[in-house]
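Open the structure in your viewer and keep the sequence at hand. We will walk through a few of its parts in turn.

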Amino acid sequence: MSDVAPPPLTIVEIQHRVGAELDRIGSVIDELGARFAAAGEELALVGGPVRDAMLGRLQNDLDLTTSAHPDVTERLVSGWADAVWDMGRAFGTIGCRKGPWQVEITTYRSESYDPSSRKPDVDFGDSLEGDLGRRDFSVNSMAVRVPGREFVDPFGGVVDLAERVLRTPGAPEDSFSDDPLRMMRAARFAAQLGFDVAPEVVAAMTEMAGRIEIISAERVRDELVKLVCAPHPRRGLSLLVETGLAEHVLPELPALALERDEHHRHKDVYEHTLTVLEQSIDLEHRLGGGPDFVSRFAALMHDVGKPRTRRFETGGVVTFHHHDVVGAKLTRKRMQKLRFSNHDIDAVSKLVELHLRFHGYGSGEWTDSAVRRYVRDAGDQLERLHILTRADCTTRNQRKADRLRRTYDSLEERIARLSEEEELAAVRPDLDGNQIMELLGIGPGREVGEAYKFLLDLRLDEGPRTPEQAEAALREWWAAR
């Protein structure tokens with residue numbers, strides 16, 4: 001995939017796009033604006049939706065800000081909205097749905113972080129301009145008053161949007177002191193929008209990187225997921241490494257920038273990893289959906305075991321024996337610290353552990369038994385393993401790359417053939433636990449597990465058997481114990 005940022009926009013392009021998008025949502029924002037105005041309250045479309053309208057990519061989630069306090073907002077939307085909810089009331093937010101539109105309306109506010117606290121102190125503000133001044137970046141500090149559609153841009157956000165650059169409304173040190181997570185949001189927006197980050201913002205991120213430690217693991221995780229699933233993840237990840245933020249949130253990534261040995265005989269593992277990530281994204285269509293976090297994060301973490309396993313052998317040879325197993329353990333530990341779900345932890349760790357398995361395939365010498373075991377070990381991650389293994393080839397030697405591709409094509413063809421013949425995805429022993437206990441006259445316990453494993457190994461090595469054949473093999477094994 002290309003990581004080249006889109007070209008700058010012109011103000012005329014922006015005006016055309018935002019006009020068209022506001023017309024598209026006019027039935028919602030104008031009706032709602034009129035209700036608030038009739039009650040003597042101000043209302044404005046704000047933040048991300050204004051930015052996205054200018055980029056021509058407005059979604060169905062609308063954020064608005066108002067002079068009204070939550071109780072008043074709830075009263076004004078009741079009877080107009082199809083549904084209303086107040087889970088964000090403590091932060092001044094009332095949510096509602098109108099047709100296909102999800103709307104969140106938040107009272108003007110100001111918030112700041114105590115240097116040692118993870119939770120913001122929230123106070124209601126008294127003006128739209130004051131509310132815009134507390135936001136993270138100038139491109140998110142624009143608003144459109146409704147129903148009159150007056151454009152409000154006190155911090156030059158439209159110019160920064162046109163130039164595709166991220167700046168803070170005020171001093172970046174003040175912004176990041178108020179909410180250190182904004183440093184990660186800078187990297188995330190760079191990845192999502194393809195924007196550059198202003199030098200003074202990068203400098204503040206570098207100086208204040210340690211402040212991210214006060215942010216909860218869950219909030220850091222959510223930003224990391226959004227960054228990794230963005231269209232330009234390399235931009236965001238590179239910024240995390242450059243500023244030192246990665247040392248605090250994902251230290252395994254900068255650790256991949258190994259010092260080269262004096263003979264330069266091994267690749268820069270960090271650059272290799274980012275290339276593998278991009279190549280895996282190019283293959284993501286095989287999964288049939290949009291951005292796939294598990295596939296992308298496995299690509300990002302697949303070589304994190306290399307720094308721990310690097311050895312210099314005689315003759316200048318560099319080895320990384322067992323970096324797949326070590327990497328899987330490091331991946332599991334990091335994802336647990338970031339509070340990922342057990343499902344995601346298991347999936348990514350499995351892919352990291354299996355990413356080298358294909359290289360034992362050679363020129364196709366694997367037996368059918370080895371192919372069955374490859375499929376069984378991959379389980380429901382087989383398609384992602386195909387993607388990771390193919391993406392892990394970053395050699396510039398075209399002949400070598402073509403040979404690896406053809407070899408993996410051969411493996412996939414064998415998997416498809418065996419799957420059609422034997423239903424590989426559901427490989428089980430030819431007898432189940434109850435049948436084993438009945439045939440051997442034993443009750444539940446360790447011996448049943450041993451018999452089950454024997455039959456499973458037999459199934460993987462020799463393919464399916466009839467119940468009679470499986471029974472005979474089981475009795476013979478049992479007698480020989």
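Predicted model: local features only at pLDDT ≥ 70, side-chain atom pairs only at ≥ 80, totals over all residues.

Start with the strands. Strand 1 covers residues 43-46, and strand 2 covers residues 61-66. The two run antiparallel and are joined by three bridges. One place to look is L43, whose bridge partner in strand 2 is T66.

Now follow strand 2 to strand 5, residues 101-107. Here the strands run parallel, and six bridges join them.

Next, find K306. This residue sits in helix 15, residues 306-309. Is K306 buried or exposed? Its relative accessible area is 15%, under the 20% cut-off, so K306 counts as buried. Leaving aside neighbours within four places in sequence, K306 is in contact with V269, F320 and H323.

Finally, turn to a pair of helices. Two packed helices are described by the angle between their axes and by the distance between those axes. Helix 14 (residues 293-301) packs on helix 19 (residues 382-391) at an angle of about 40°. Their axes are 10 Å apart. That angle makes helix 14 oblique to helix 19. The crossing of the two helices is right-handed.

Which residues make the contact? Helix 14 supplies V294, S295, A298 and A299. Helix 19 supplies R384, I387 and L388. By class, the residues of this contact are five nonpolar, one polar and one charged.

Methods: Residues numbered from 1 in each chain as written. Heavy atoms only, no water. Axes fitted to C-alpha atoms, helices over the stretch in contact; angles between N-to-C directions. Helix = DSSP H or I, 4+ residues; strand = E, 2+ residues; numbered from the N terminus. Parallel < 35°, antiparallel > 145°, perpendicular 65-115°, else oblique. Left-handed = near helix turned anticlockwise from the far one by under 90°. Contact = heavy atoms within 4.5 Å. Nonpolar A, V, L, I, M, F, W, Y, C, P; charged D, E, K, R; others polar. Pairing = 2+ DSSP bridges. Buried < 20%, exposed > 50% of the residue type's maximum accessible area, 1.4 Å probe, protein only.
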